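Dear colleague,

Here is the structure I promised to pass on. Please open it first, then read my notes below.

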Amino acid sequence: MDIDRGSTSLPERGYRLLLRLYPRRFREEAEPELIATFRDGWRETAGAGRLAQARYLRLILADLSRTLVLEWTPSWRQPPTGQLWAGSGISPARSNSRVDTLWQDLRYALRTLRASPLATVVAAVTIAIGVGATTTIFSVANALLLRTPPGIVAPRDLVTVHAVSPDGSSFHAFSHRGFEHLREAGGGLQDLAAWSTAPAVIATDGDPELLVGMGVSANYFSLLGARPVQGRLLVPEDDAGIAGPRVVVLSHAAWQRRFAGDPSLVGQVINLNGEPFTVVGVAEPGFQGHVVAVDVAAWIPIGVGLPPERAPELANPRASWIELLGRLAPGTTPAQAAAALTTVQAQFMAGVGFEGQRGVDVRRYAPVPAPALLPVAGFLGMLVILTGLILLIASANVANMLLARAAGRGREIAVRLALGASRTRLVRQLLTESMLLFAFGGASGILVAVWLTGVLSQVRPPIPVPILLDFSVDLPVLLAALALTLLTGITFGLAPALQSTRPDLTRSLKDEPGLVRVGRHRIRGAFVVAQVAATTLLLVVAGLFIRTLGRAASMELGFEVAGLHAVMSDLRVQRYTPEQTLAFIEEVQRQAAELPGVTSAGAIDILPLNMSNQTSVLAIEGRDPVEGVGRFETDFARATPGYLGTIGIPIVRGRGLAPTDRDGGPAVAVINEALARRVWPGEDPVGKLMQFGSFTEGTLTEVVGVARDSKYRSLGDRNRPMVYLAAAQQAPRDMALLVRTAPGGPDPAPALRALVRQLDPDLPLLINRPYREVIGISLLPNRIATLVAGVFGVTGLVLATVGLYGVLAFTVQRRRREIGVRMALGAGNARIRRLVLRDGMRLTGIGLLVGLATAALVGQLLGGLLLGLSPLDPVTYLGIAALMLTTALLACLEPVRRALRTTPVEVLRHD
Amino acid sequence: MTEEAAGLPMSPRVFAILLLLAREPCHGYRLMQDLRAGIAGESWVVGPATLYRTLRDLELRGWIRGKDGQAGSSGGPPRREYRLTDAGRKVASAEVARMTRLVGVAVRQQLVTPG
């Protein structure tokens, strides 16, 4: 057979091209036939004029698009042989007609949606807001809680291993010797690796840069299944304690950014924390270790990274600073491993003479560290609920719109029912329409989420740690978003479809609105009630958070924030010994106090309200060693004599820390009022002695003064015990400086920077800014929640107002006859106004009550985030109720006006 | 075999195709034309791919059989010619019988007068 290419017409060539869109199987069997048919048809129309040709091409295109859908949709595809449906009850003719129906429905739905473009766009945008917000929060939750960081093989077998107190309440790290002991024993684990984060300053090629480093045992990479992209990862020979080889594995990102992806870097020596390290390899792209959100740039053998004065810690079985990550042996459960390791641990502790009991906790690995898991999950859960509410409000609005539209088509629907269309068929058609709407809205919402998550991934909170966040929308999130959209589409599409096809033929056929009350349109009412309730809930939550932030601004911290300036560095990175640290900080403090405009300066190892703290126990000799009797747990900090005065915490009894409290002298401490009340109720604590640290090893410390209570860990603190130890007696590793400036004085930042640079040019300054900004971080969750709840609350308010307005306007329209009759019978304007208002206010009232009741329950869950504000704060509840009622009244205005415009004559003429 | 298992009732379009093929075997484009021209006032506008799929279904059921014919007089690919099988003929007459029974009922109920 020879096909004469020359005689192939242009449309035929186009048709051949389009045929390639079919699945290959179909194309192979049908192509010759289709081309022959097309050619015959084209040749015949050729003589019939351009119009006939255009018509023919339109037929071909419609045919093509329809069959393309059918051929590419597996479930609709015909079974391959004729035997399959014999006796199955499903005939091809029937399945064909089912597909035809769907096709018809889709086309019909498209046409209907196109007929009212504005309403369609508004509805789609509304859905897009809901789906976009929900998908975004899903993505964040997915990135933080569910998704395994890249480069990790078989994460399901990974476990985190902690030492745990006998009551299971507190988790602890392990010592290096403890780790080695556990690893050798195995205990149901295939492998066990150690890790510990540490700052890493890279000072090769350019300015010193602080990055996150991680000390790891050499098997860390093999345990995770990571691979190098250049050179090698760590090998067992690298595990040689503090004297081991100084080697470093860089992350792909750090290699690209800092060293421009130089392939010759492997084998070269770089300056890390002021020491030479040989780069042995680069990890594969994307690999960032096992902890989510932390941008780890360099891995070094765990022993090598320690500063010299900490060398003994490697051998000290009491120095617990190592975190463990294990991989379960096949067929072992975490519980079995925990039991086995607990036995091993007990033998080890007995062997080294360690008093006290500690079990071993083994749990499945999660990218978020175990202590943070619950708060993070709780916070995200709250955000998911808030976004879910906005989706609910949006969907209810769309459902009401569909209902109104269906009501407008009541006559058409009634006619079709009367002509014998089955109700199922009509419901399916209406459902197709709403599903299409939700598909448009959902798709746009997912696009919104893709954009939003991109923006969010770029956000860097003001904390001095490089973080890496990737909230991008991945397949599971996409599927969840699709499922959500489908579900809401069906839920909120089915109700209007069922409602509007209720066989109530005679009334609709006569096009007689009748005396319709809202009660007859209960679904519409229910949607409005749900909207008002959800909006109320959102607004109450937003209100509570706004009130909380307001209180935080005016909250009694126990010290005066205005005029305080903070300077933080990381002296550990520069390998300062405790003596050097103390000497350095005392010198900085002395010189800073003399700067112009500075009235005083002081230093503390952990600043208050900095999302960080340290706790210890203290014991009182002669008392029962029972918690709360002779043994107390307390937060503590090491401070210089100038600290309490500078931050402005007054001494209420005794004296503060003095320059004379130095090494060699008796150990002293200032405690706060809360601790004094707890340990020595009704007594003067000044001059009392306590064992600080532990029973056997604690230092006998004298209480020399009592300081007023102040917030330390968080703004939610109430009566938290606190001990201030004299830094000069406590060998601090690192300290932060606070200076107080006179009002109206110059910004001390430049002078402080110059001062630190002059004392140590290599020291990177992490923070040099007003203290108010530093503690702002502790309000970050509140600010996020306020923002989300606020934005959604206002959006919800607008949507609910529109929804209420729509329902009332609709009801007034349907009741025009009744209103006209009432007017004719002498009802005054006031009466008519009451009639409409009563409907609106009833719906609002019910919704408001439901919303407030739900808010009262939800508020209990917010507890900690509210910083002591009552979850039932009357100001918020009353304010939101007033806001909702006012808005509802406004939404009623126009419908009322419309009702009053009704004239009896007009209505009666209508009949 | 029950009517349903036999694929009855069939869609009007399928019935029309069987009717057309009962007259004489023909190829796809011709069927398209004849369907458009209509039978007894009913007509169907179908595109080539839609028609092809229907014919494929009927062939799979064994109601019609396609045979690759000779290349057309004007060159180009060969046309497949379809003819009614015995099974197809039986199904078509079963459908006619079904409709006749219905008409009988309609006549008895004086919905129509026999014509």
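Let me begin with A:Val459. With a relative accessibility of 44%, this residue counts as partly exposed, because the partly exposed class lies between under 20% (buried) and over 50% (exposed). A:Val459 sits in the loop that links helix 13 (423-458) and helix 14 (475-500) of chain A. It also belongs to a nonpolar surface patch, together with A:Trp451, A:Val455 and A:Leu456. The four have about 380 Å² of accessible area together.

Please keep in mind that this is a predicted model. Chain A has a mean pLDDT of 81, and 88% of its residues reach 70 or more. Strand 17 (residues 668-672) of chain A has the highest mean pLDDT in that chain, at 94. Helix 15 (residues 505-509) of chain A has the lowest, at 50.

Next, a hairpin in chain A. Strand 7 (residues 269-272) and strand 8 (residues 275-283) run antiparallel, joined by four bridges. Two residues separate the strands, and A:Asn273 in the turn has a positive phi of about 50°. A:Leu272 stands opposite A:Glu275 of strand 8. Which side chains of strand 7 are buried? Those of A:Ile270 and A:Leu272, which point to one face.

Now a glycine in chain A. A:Gly543 is part of helix 16 (residues 522-553) of chain A. Its relative accessibility is 15%, so A:Gly543 counts as buried. The cut-off for buried is under 20%. The C-alpha atom of A:Gly543 is 9.3 Å from that of A:Gly793, although the two residues are 250 apart along the chain.

Last, chain B. Its secondary structure consists of four helices and three strands. From the N terminus, the order is α-β-α-α-β-β-α. Chain B has 115 residues, and 43% of them count as buried. Take the contacts in chain B between residues at least 6 apart in sequence: 50% join residues at least 24 apart. Chain B exposes about 6300 Å², with carbon and sulfur atoms supplying 54% of that area.

Best wishes

How values were computed:
Residues are numbered from 1 along each chain as its sequence is written. Chains are lettered from A and ligands numbered from 1 in the order in which they are written. This is a predicted model: local features need pLDDT of at least 70, side-chain atom pairs count only at pLDDT 80 or more; totals for chains, interfaces and linings use all residues. Side-chain values use heavy atoms; hydrogens and water are left out. Buried means under 20% relative accessible area, exposed over 50%, partly exposed in between (1.4 Å probe, protein chains only). Two strands pair if DSSP finds at least two bridges between them. Patches are made of residues with over 30% relative accessible area and no salt bridge: like charges are joined within 9 Å, nonpolar side chains (Val, Leu, Ile, Met, Phe, Trp, Tyr) within 5 Å. Accessible areas come from the Shrake-Rupley method with a 1.4 Å probe; for residues, only the protein chains shown count as cover. A salt bridge is a side-chain nitrogen of Lys or Arg within 4 Å of a carboxyl oxygen of Asp or Glu. pLDDT is the predictor's confidence in each residue, from 0 to 100. Contact means heavy atoms within 4.5 Å.
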